[in-house]
Structures are given as C-alpha cells and as structure tokens.
Amino acid sequence: MTAQIIPSRTAAEAALAEIFASAKAGLPGSGAVEKLREESFAAFARGGLPHRRIESWHYTDLRALMREALPIAPAPTRERRAALRKAAAALPANSLVLVDGVFAAELSGKLPEGVKVTSLSAALAEDRPGILESLAAAWAEADDAIVSLNAALMRDGVVIDVAPGASLAAPLHIVYASVAEKPAARFSRSLVKVGAGACLRLNEMSLGAGGRAGQTNNALIVDVGEGAEVGHTLSLTDTRPGSLRLETFLVRVAARAKFDSFALVTGGGLMRRQIFKLFAGPDAKGTLRGVSLLRGREHADTTLFVRHAATGCEGRQAFRYILDEESTGVFQGKVVVEPGAQKTDGKMLAKAIMLSDAATMNSRPELEIFADDVICGHGATCGGLNADQLFYLETRGLPPPEAEALLLEAFANELIDDIGHADLVAAYRAEVAAWLAARARSETRSVA
Amino acid sequence: MLEIKNLNVAIGGRRILNDLDLKVAAGEVAAIMGPNGSGKSTLAYVIAGKEDYEVLSGEVLLDGENVLELSPDERAAKGLFLAFQYPVEIPGVATMTFLKAALNAQRKQRGEEELSIPEFMKRVKKAGDMLDIKPEMLRRALNVGFSGGEKKRMDIMQMALLEPRFAILDETDSGLDIDAVRIVADGVNALRSRQRGFLVITHYPRLLEHIVPDTVHVMAGGRIVRSGGKELASELERTGYREYAEEAA
Ligand SMILES: Nc1ncnc2c1ncn2[C@@H]1O[C@H](COP(=O)(O)OP(=O)(O)OP(=O)(O)O)[C@@H](O)[C@H]1O
Ligand SMILES: [Mg+2]
C-alpha cells in the first residue's frame, strides 16, 4: 500500500476553482494575459490556501480561517451607482474610485498635470507594452499564494503614471468603494509608476457606501524612480465583522529615491497585509510604518519582506499594535541584506500594547545579512500601558479611562505625526480618536 | 487642613511608614527633611494615591475627609497635588493637550464648566511666564527631552495652573540650578495663601531660605521623629541625622 497524502481541498479552495473557471472568460486581457492568469491559478491551486506550515503564514492559517469564497461582486445597480455618485462628490480632489474593484472613471475628477491614469483592464485589453512585464516582475518578487490568486483573478485597478520630474502638490487618492448588496469578493491590482525625480503623495482609503462584509484581495505595485520622492498612506478601516482583507503591497525603490509609507488598520474580521520592499538602487531611503487597533476577535497580520539589493540604503520599519479583548496581532518582518548591499542601515521595531489578557501578539523579526559592513537592528516589545505614566496623569485629575485613552492615542499618533502632511495627519488622527471613542462607549456599556 | 493619623504602610511585605502622624494647617508650609530611604516619597505617593503601596492602617484626612478611599484623579479634583521627585516623560502626548485635559477633567469632576480656549491660553501663559517655561517647551511632548530642572519647573507650572488646595513638593529643588531654585520658590510663594497648605520635602536648607516654612519635621524610619520651627532646618545642617538613627531603628 502506498500512503500518499493529498490534502483534500477545502470548501473555499473548491469554490475559488469554480469562481476562476466561470469568471476567467470575462476577465480582461487575452493571449499572454490569459496565460499569466492560468499559470497563476495553477500555482495557487498546487499549494491551496496558505496554512500554518507555510512559514510566512504560520500565525495566520488562512486555510482554516477562510471558510468560504464569495462570488465576485456583480456590476452595481443603477441606484447604487447614484448613491455612490453622491458619496463620491464629497471626496477630496484627485480621487480615483474603484467600485468593487472596478475603476469608475466617471466618479473620478480631473487630474493634475504630469499624471496619467487608466484602468488596468484597459491596459491589459490593449496589451499595453510593459504592463505584463511589470506584473510578472512583481509576481517574481512576491512568490505567494495570495499574490498568485490576485494575478489570476485581478479584474481591474488603476494604472498611474507620474511623469519624470513632475511634482504633485495635493495627494492622489485611491478610493475603494464597496457597494455590492450581498457579501462579495473583489480582486484589484493597481500599478503606480513614479518617474525619476518626481514627487507624489498617494493615499488609499475606503468608502463603505452600504457594502456588506466581503472579501478583498488587493495588490498595489509602486515603482519609485531614481531620486523620486513618494509618500504613501493607507487606511484599512472596516467596522464590519467577518470581512476578509488580503492586501499585498509591492514597492521597488530606485537609486537615491525616498519612500515613506504609513498604514492604519482597524476593525473588520481578518486582515493580512504583506509588504514586499526592494531596495533596487543605491542610497535610497525607505520607511514602512503601521498602526493596528484591534478588538473583539479581530485578527491583523502585517508581514514584511524587505530586500536590500543595493548599497547604502536606509530602511526603517516601525509597527505598533493596540490589542484589546480577544484580538490577535501578528508582525513578521524579514530583512534580507544581499552580499553586495554594503553600508545598509536597517532598523525594525514592533511594539504592542495589550489591553486584555485574552489578546495575543505574535512577533517575529528576522534578519538575514550576507554583507559585512552593515548596521542592522530589530526589536519587539509587548506589554500593558506604563503604570507610572498612568499614575502621573491620574494625579493631574484625569480619570483612568481618560488617562488610558490619552496614552493609547499618543502611542498611535507618534507614528501618524511622521506622515508629514497636515491634512492626512489630521485625517488619520481622527480615525484613531474615533476608534478610541467607540472603545470607550462599549466599555461604558459593558460596565453598565 | 491635612491630617495624617497613625499611618502604616508597607510595600512588598516590608513596612515603610510606621504609626506616622502629621498635621498641616491651612495656610501653613510644612517642610519634611530626613535621610535617604526614610519614607518621604512613600508618604507623598500614598497621599497622592499610588497603587503599589499597601496601607495597613491609618487615615489621611483632607479637610476631614479620608482621601485614602478615593482614586488619584478624585483626590486631584479635591485639590491635592503632587510635584514628583522624578516627573514622568510621556512621549506622544502634547504638553498643551495634557494641560487642557487635566484642567478640564478636574473642573468636570467639580461640576464646573470647561474653560474656553482663550481663557485656557491666558492661564497657561501666566503660569508659563511665572516659571520661565518657554512656549517652545509647551509645544513638545510632555517632559520628553526636558532637562531634569525643566521637568521640575514644568511640574510647578502645572501646580500654578491647577491651583490645588494642598500641594506636596517632593524634592522639587534637587537638580535645579541656583536661578531655577529661585524661580520655583517664587512660584510657590506666589501661591501661598491662607486657604492653601504645602508639604515641602527637601534635603537642602537653602530651599527653605526661599520658601520659608512655618514648621519643619524630621522623618526617620518611616515616622516623624521631631518637629520644630524653621530654625530646625539649619540645626539639622550642623548636626546631621545621626541622633535620629536609633529612633528610626
Ligand atoms: N516599590 C518599592 N519596592 C520596594 N521597596 C521600596 C519601593 N519603593 C520604596 N521602597 C523602599 O522604601 C524605603 C523608602 O523609600 P522612599 O523613596 O520613600 O525614601 P525617601 O525618603 O524618599 O528617600 P530619598 O531621600 O532618597 O528620596 C526605601 O528603603 C526604599 O527602598
Ligand atoms: Mg524621595
């Protein structure tokens, strides 16, 4: 007898196969794109949903946690579109709206000089030169089941081109609007190419115009050209329990470029954000920061792969978590310094504040250094609020819940203040304040 | 105004304060001196409401009310203030945000209205000017990156702003330069009034030349072993604490 272990497919995996089989004919692109989709899905299907025995998914066992695969969101109804048009009118200038993962040019305003935007579906359909290559290159960097699934099912997204030397005064916003009436899935992929010496601020946010808990698998690929400066912010906030958010972020930083990214994660059910950062040219700077605020049984995983492939680059990674009730935070950070990448200066720090005994934090920083002349360090802390600080505030008259909220707000805002753009700082601070206020309200309720 | 009766306090099973009795009348400035480790900061913390200490018996009465049953913020709202021996750094909390939150929290507890922003700014400016706190310092996170002396001045500035009824100063003069001692002393003196009491803990008679106390108490071994007038401070400077060592044991 031979014992061959073939793991049986889960219901979600089976459903994904069906979704791909029935959706692929209608997805944009032909020829080479179709081939890429088929290969990507095959790669996904070989391993199935990632699970705890896959090292980078150890703390987020998607195979066990993803019970079902939702159908792809249908095109929005006329009423939904009308409602959305109203909501979109309140968006800041330079907003690019994706409706359930599909770019809605009519909801997006006029763009400033130096920026060109098209939909990914148009770029794929017309086989625009370079598009496939940049997708494939991104895929090679991020060898991961969820990225493969995204490549197979990517339906649309935005392709943003910032001309070399262009300098945008106001931020550009990518707005993810979810409008499907029934819980649905969205697969989007966006490409941002920032020309040499250009200057861009890119903000990603959500517009929950009545959508239900759903599943998203988004990928964003940012190419930062030589000497360019890019500030990126992402608000991954979702108050609907039971949602599944899979977010892949790929950034390639060219020589002497500066890249800075901040993400705020709150709410929702299960969130996995994976960031692949490549220092491709010398003397670049790249910072990744993030704050996750979790309660209930929320689970948020941020996993970084930072690769230094060039000399003299400075990498900073700082992530903070506030974990309440039975929530789970995951931080994994792998920094690889390749043999040639001398004079690399890399630092990584993960801090968690635990507000409940039932909350869990899993931290795993990892360094793989193959060059000798580097400065690299990492650290992780995890604990309650500082008792001396609390006491000090209380002696000044702040009741314990207020003292606690002030310290928590400060913990989050310290990273937010580094965004360096007043409106965005104010917007992200407001989201933190809203989360704390919601927490305070539910605490009062549970005491009453 | 403040009356401590038969206070016994332990930490980690070790007795620190022993049958301590002390009275400070309204309008009085009482100084406490005593050797290192005699329990002065412990007394200050217990009055302010720090959790770590185990109060075995006794009472701390503020105008007849036992504050030991109140939380630290409630004690603050009743008018108790502690200037810390080591003021705490709080990264990320803007000093102005903190000052406003503290002032309004106390007012709310007392059933008073929130201060308007201009009124708040006016008061901050007044207190800041009095203690030579530069506007630049107020823009930083609370106590972060402040020098030792700046932190002490910031604590006294908070006192000036919060206008407590009873203030405890735990070695506020330690680490202050000569000018800063005078600035802090002027700040305290400006607040002296018939309704307000002070407990000034110090190692240096020099401070008591600026803030002239009504009474001086010697603390040793967790109790008050001697009390007298302001001349006691200079006497201690000559004699040291040797003669109290056996009383303390
Ligand atoms: N958290 C603690 N755990 C254990 N022992 C403590 C703790 N806090 C204070 N003590 C002890 O209590 C005693 C009194 O300390 P306290 O800080 O009150 O002294 P002090 O009179 O203020 O001294 P100093 O003049 O040096 O400031 C000391 O022996 C000290 O070691
Ligand atoms: Mg002391």
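Residues are numbered from 1 along each chain as its sequence is written, while chains are lettered from A and ligands numbered from 1 in the order of writing. In this predicted model, local features need pLDDT of at least 70, side-chain atom pairs count only at pLDDT 80 or more, and totals for chains, interfaces and linings use all residues; side-chain values use heavy atoms, without hydrogens and water.

Ligand 1 has 15 residues around it. A residue belongs to this shell if one of its heavy atoms lies within 4 Å of the ligand. Those that come nearest are B:Gly37, B:Lys40, B:Ser41, B:Thr42 and B:His203. By class, the shell has eight polar, four nonpolar and three charged residues. Here Ala, Val, Leu, Ile, Met, Phe, Trp, Tyr, Cys and Pro count as nonpolar, Asp, Glu, Lys and Arg as charged, and the others, Gly among them, as polar.

For B:Ser41, a polar backbone atom is 2.9 Å from a ligand oxygen. For B:Asn36, a polar side-chain atom is 3.0 Å from a ligand oxygen. The protein covers 65% of the 640 Å² of accessible area that ligand 1 has on its own (Shrake-Rupley method, 1.4 Å probe). Two elements of chain B, β2 (14-24) and α1 (40-48), each give two or more residues to the shell. The largest share, three residues, comes from α1(B). Helices (H or I, at least four residues) and strands (E, at least two) are DSSP runs, numbered from the N terminus.

B:Ser41 sits in α1(B), and B:Gln85 lies 44 residues away, in the loop between β6 (80-83) and β7 (90-94) of chain B. Both residues are buried (under 20% relative accessible area, 1.4 Å probe, protein chains only).

Chain B also holds an open antiparallel sheet of four strands, ordered β2-β1-β4-β5. Strands pair if DSSP finds at least two bridges between them. Seven bridges join β1(B) to β2(B), and seven join β1(B) to β4(B). B:Val9 has bridge partners B:Leu17 in β2(B) and B:Val55 in β4(B).

Definitions and conventions. Polar contact = N/O pair within 3.5 Å; in protein donor to acceptor, adjacent residues only side chain to side chain. Buried < 20%, exposed > 50% of the residue type's maximum accessible area, 1.4 Å probe, protein only.
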